[in-house]
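I opened my notebook to go through this structure one topic at a time. Here is what I looked up, in the order I went.

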Amino acid sequence: MFKVLFDTGSANTWLPSSNCPISNTACQRHNRYKANTSRSHVKVGRNYSLAYGNGNVSGYLSQDTLRVAGVELPGFIFGETLSHYQPTFAGTTFDGIVGLGLRQIAWADSTPFFELLCQQSLVEHCIFSVYLRRMTGKLFGGEIIFGGIDTSRYKGILHYVPLSQVGHWQFQMSGVFVGNKQIDGKANAILDTGTSLILMPQRVFDQLQEAIGAKVDNHSYVVSCEQSELPNVQFHVGGEKFSLSSTDYVIKLKTPEQTICTSAFMPIFYNFWVLGDIFLTRFYSVYDAESNRIGLAEAKTDSDF
């Protein structure tokens with residue numbers, strides 16, 4: 001039994017291997033795949049390495065039958081991880097990552113998890129949907145549905161936009177605004193359940209921070225902890241506005257001496273946005289591989305049920 005992170009920002013899947021060295025604490029602390037106990041295991045014979053924003057993993061590829069929520073997925077190629085970046089993965093609550101991206105960004109000669117589900121007709125429709133919760137409750141963490149949509153988890157209607165690049169769940173925004181001030185024009189964005197924050201191009205990072213009222217303190221931007229004073233940040237997508245309030249994007253960092261507030265926006269040296277969990281806890285998301293599109297709607301909160 002493995003706990004996994006379903007990651008819309010990647011397409012490959014990996015699990016810790018029972019063959020990882022004892023010195024690899026990050027591997028030893030998690031459940032490990034034991035190829036020698038599986039009758040359906042097939043050795044692929046290729047090594048792999050994956051880099052994430054905060055660390056990397058490496059090992060070799062194997063093939064086996066994957067079982068998820070009572071469904072068997074034979075012939076699935078995944079990575080057996082021998083090496084983890086210790087500072088990142090030693091303390092994670094998940095054992096491995098299941099990538100939900102498409103084959104264009106997957107390992108060569110492999111079919112990623114979601115597309116294999118579709119190929120083997122294990123889902124009625126080649127779509128999945130994600131509902132993430134920020135607060136703990138009856139439905140801890142959220143819900144992912146393969147093959148359908150849970151209409152009880154969002155308000156109003158779903159707004160769809162086509163993918164601007166198939167592989168990633170990437171689409172085009174027409175603009176990003178703080179209040180009435182435009183921060184960015186047409187830009188690509190990726191929906192990424194594997195990223196906690198919102199990553200944005202370095203070229204407009206300072207402009208956004210200044211627009212939300214952030215000040216530089218000890219070489220980092222900080223914002224007021226009085227959230228009512230801060231403006232909304234709006235993402236214009238497909239003729240609709242998807243707005244984050246300061247309640248959504250302000251992060252409180254507490255120390256014994258003081259409480260510091262910062263924003264959930266971080267710069268990257270790429271010319272696109274990555275809308276992570278800060279965005280996805282606010283909006284229900286649908287990933288449609290049949291029509292190559294994504295859908296968004298305002299997610300319901302605890303108070304709506």
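**Entry: a charge over a ring**

I started with Arg293. In this predicted model, Arg293 lies over the face of Tyr160. I noted 3.6 Å from the ring centre.

**Entry: aromatic pairs**

Next I turned to the rings. A pair of aromatic rings is described by the distance of the centres and the angle of the planes. I looked up how many aromatic pairs there are, and the count comes to 22. I then took Phe76 and Phe78. Their ring centres are 6.4 Å apart and their planes stand at 15°, so I wrote this pair down as stacked. Stacked calls for planes under 30 degrees apart.

My other pair was Trp169 with Tyr287. Here the geometry is edge-to-face. The centres are 5.4 Å apart, with 80° between the planes. I checked where the two residues sit in the chain. Trp169 is in strand β10, residues 169-173. Tyr287 is in strand β23, residues 283-288. The pair links distant parts of the chain, 118 residues apart. Both Trp169 and Tyr287 are buried.

Then I asked which residues the ring pairs link into a cluster. The cluster takes in Phe6, Tyr33, Phe76, Phe78, Phe113, Phe114, Phe128, Phe146, Trp169 and Tyr287. I found both of my pairs on that list, Phe76 and Phe78 as well as Trp169 and Tyr287.

**Entry: disulfides**

I moved on to the cysteines. How many disulfides does a search of the whole structure find? It finds three.

I took Cys20 and Cys27 to begin with. Their sulfur atoms are 2.0 Å apart, and they form a disulfide. The torsion about the S-S bond is about -90°, so I marked this disulfide as left-handed. Cys20 and Cys27 are both buried.

Cys118 is joined to Cys126 by another disulfide, 2.1 Å from S to S. I read 95° about the S-S bond, and this link is right-handed. Cys118 is buried, as is Cys126.

The remaining entry is Cys225 with Cys261. Their sulfur atoms lie 2.1 Å apart in a disulfide. The link is right-handed, with 115° about the S-S bond. It joins distant parts of the chain, 36 residues apart. I placed Cys225 in the loop between β16 (220-222) and β17 (233-237). I placed Cys261 in strand β20, residues 259-263.

Cys225 has a relative accessible area of 28%, so I logged Cys225 as partly exposed. Cys261 has 2%, so Cys261 went down as buried. The cut-off I used for buried is under 20%.

Last, I numbered the bonded cysteines in sequence order. The pairing reads 1-2, 3-4, 5-6.

**Entry: the largest pocket**

Now the empty space. Rolling a probe the size of a water molecule over the atoms shows where empty space is left. The largest pocket has a volume of about 1,900 Å³. I found 49 residues lining it. Which of them are closest to its centre? They are Leu5, Thr193, Gly194, Thr195 and Asp277.

The largest share comes from β1, with four residues. By class, I noted 24 nonpolar, 18 polar and seven charged residues in the lining of the largest pocket.

**Entry: the second largest pocket**

β1, β2 (13-16) and β4 (55-68) each supply at least two residues. Which element gives the most? That is β4, with five residues. I sorted the lining of the second largest pocket by class as well: 11 nonpolar, five polar and four charged residues.

Notes
Residues are numbered from 1 along each chain as its sequence is written. This is a predicted model: local features need pLDDT of at least 70, side-chain atom pairs count only at pLDDT 80 or more; totals for chains, interfaces and linings use all residues. Side-chain values use heavy atoms; hydrogens and water are left out. A disulfide is a pair of cysteine sulfur atoms within 2.5 Å. Buried means under 20% relative accessible area, exposed over 50%, partly exposed in between (1.4 Å probe, protein chains only). Rings of Phe, Tyr and Trp (its six-membered ring) pair if their centres lie within 6.5 Å; planes under 30 degrees apart count as stacked, over 60 as edge-to-face and the rest as tilted. A charge sits over a ring if NZ of Lys or CZ of Arg is within 6 Å of the ring centre and within 35 degrees of the ring normal. On a 1 Å grid over the protein atoms alone, a cavity is a set of points where a 1.4 Å probe fits but cannot get out, and a pocket is an open set with protein on both sides within 12 Å along at least five of seven lines; lining residues have an atom within 4 Å of a point. Grid points are joined across faces, edges and corners, and a volume is the space filled by probe spheres set on the points. Ala, Val, Leu, Ile, Met, Phe, Trp, Tyr, Cys and Pro count as nonpolar, Asp, Glu, Lys and Arg as charged, and the others, Gly among them, as polar.
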